[in-house]
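Me: I would like to learn how to read the packing and the charged pairs of a protein model, one feature after another. Could you take me through the general idea each time, and then through the case at hand?

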Amino acid sequence: MNLKFKNKQITGILTILPKRVVTFEEEMGNYNFPEKKSLRLKKIMGYNTHRVAAEGQCSSDFCIHGLQYLFDQGLLNKDDIDALLFVSQSPDYFMPPTSNLIQGHFNMKHDMICMDINQGCAGFEIGLMQAFMLLEQDAVNKVVLMNADVLSPKVSIHDRNSKPLVGDAASITIVEKTDEEKDIFVSVKMDGTGAKALIIPAGGFRMPCTEETAIEHEDEAGNFRSLNNLVMQGDDVFNFVQREVPPMIHQLLEDAGKKAEDIDWYMFHQPNKFMLNKLADAIGVPYEKMPSNIVENFGNASGVTVPTCISYNLGEKLEQASYLTCLSGFGVGLTWAAILMEIGPVKFNQIIEF
């Protein structure tokens, strides 16, 4: 589905990372693989360090810490917020919505919209799309988009397929109206027939957690995990991304009347460095325009990887300049989405720790 918006802008991005840093070598001994083979995987995939939440830290904690920082620094006024979007696959509770909990924590005004969105890898793009739609309303002038995931507790420590890449993080993106009538092009696609390629089988109402679901089993690749853990069919996900994402990007560029070389930055979701480089090759853009350094430094925090990529690679430059940027997320769902828009100058583009 192709959508188009005008008079919308991103005015600030804050990424919140856990203080705890875990190296690939620290966890390597947990895997049922020779050290030499694991180190080769590290080099190919770009694994190095990832950020992991402290015990008991939840997604809302990172969002609350980030919002408090913005309030304290005078970068955001809570009374100006008309909508609070929380995009995550690791909410604090099944109910109530985490966005309402965050609103209540700060005693925000009642005349506002709180909304939880269950999305992962494409969560930043889906969240921005929802923010743009809300801003079509006269009553909505400022939307706070919160992407957050703390999925590391759901990954088996004996799963070499997923454990080295999963990280925890949150981001806060401010989306507002603008008088500038620059076009924003959006493409969103879904394929639920492949939904089980990325899944945590137990823990919901379909399969509640029990003693039996907590028992680890070895898969054909030598990974050990239980039904309580994240399961990723790596080959299926890789093939899906390489098959579906490049044509979506090419169509998005064509709709916008742009060529690949016209785009300043391709800020994409980052499952691993290998996949990003293959995508860059398929789309026809140089690696330096599609940064692939997030997993190796912070880990794959689902929908938070794109704003992290923007904060880490552009930093204060985005506070001074404007860039034509292609955003894209792809994975769990299966969902793949892309946005082409001008970003900057913004009021802030920072990374903090919690």
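Reply: Let us begin with contact, which means heavy atoms within 4.5 Å. This is a predicted model, in which local features need pLDDT of at least 70 and side-chain atom pairs count only at pLDDT 80 or more, while totals for chains, interfaces and linings use all residues. Residues are numbered from 1 along each chain as its sequence is written, and side-chain values use heavy atoms, with hydrogens and water left out.

Me: With which residues is Phe330 in contact, leaving aside its neighbours within four places in sequence?

Reply: Phe330 is in contact with Cys121, Ala122, Phe240, Val241, Val245, Phe268, His269, Pro271, Met275, Leu279, Thr335 and Trp336, once those neighbours are set aside.

Me: Which residues touch the most other members of the largest nonpolar core?

Reply: A nonpolar core is a set of buried Ala, Val, Leu, Ile, Met, Phe, Trp, Tyr and Cys residues joined through side-chain atoms within 4.5 Å; buried means under 20% relative accessible area, exposed over 50%, and partly exposed in between, with a 1.4 Å probe and protein chains only. The largest core here has 46 residues, and those touching the most other members are Val245, Ile249, Tyr266, Phe268, Met290, Phe330 and Leu340. The elements that give two or more residues to this core include α6 (234–256), β14 (265–268) and β15 (323–331), where helices (H or I, at least four residues) and strands (E, at least two) are DSSP runs numbered from the N terminus. The largest share of this core, 9 residues, comes from α6. Apart from it lies another core, of 43 residues, with Ile10, Ile117, Ala131 and Leu327 among them.

Me: How should I read a salt bridge, and how many does a search of the whole structure find?

Reply: Side chains of opposite charge can pair when their charged atoms come close. The criterion for a salt bridge is a side-chain nitrogen of Lys or Arg within 4 Å of a carboxyl oxygen of Asp or Glu, and a search of the whole structure finds 11 of them. In one of these, Glu136 pairs with Lys8, their closest N and O atoms being 2.9 Å apart. Glu136 lies in the loop between α5 (123–134) and β7 (142–149) and Lys8 in strand β2 (residues 8–17), so the pair ties together parts that are 128 residues apart in sequence. Glu136 is partly exposed at 45% relative accessibility, whereas Lys8 is buried at 9%.

Me: Which residues are linked in a network of salt bridges?

Reply: Such a network links Lys4, Lys6 and Asp183.

Me: Which residues of α4 are buried, and why are they on the same side of α4?

Reply: An α-helix has 3.6 residues a turn, so residues three or four places apart point the same way. In α4, the residues Thr98, Ser99, Ile102 and Gln103 are buried. They are on the same side of α4 because they cover an arc of only 145° around the axis, the arc being that of the directions from the helix axis to the C-beta atoms. The buried residues of α4 pack against α3, β5, β6 and β7, and just after α4, Asn107 takes a positive phi of about 50°.
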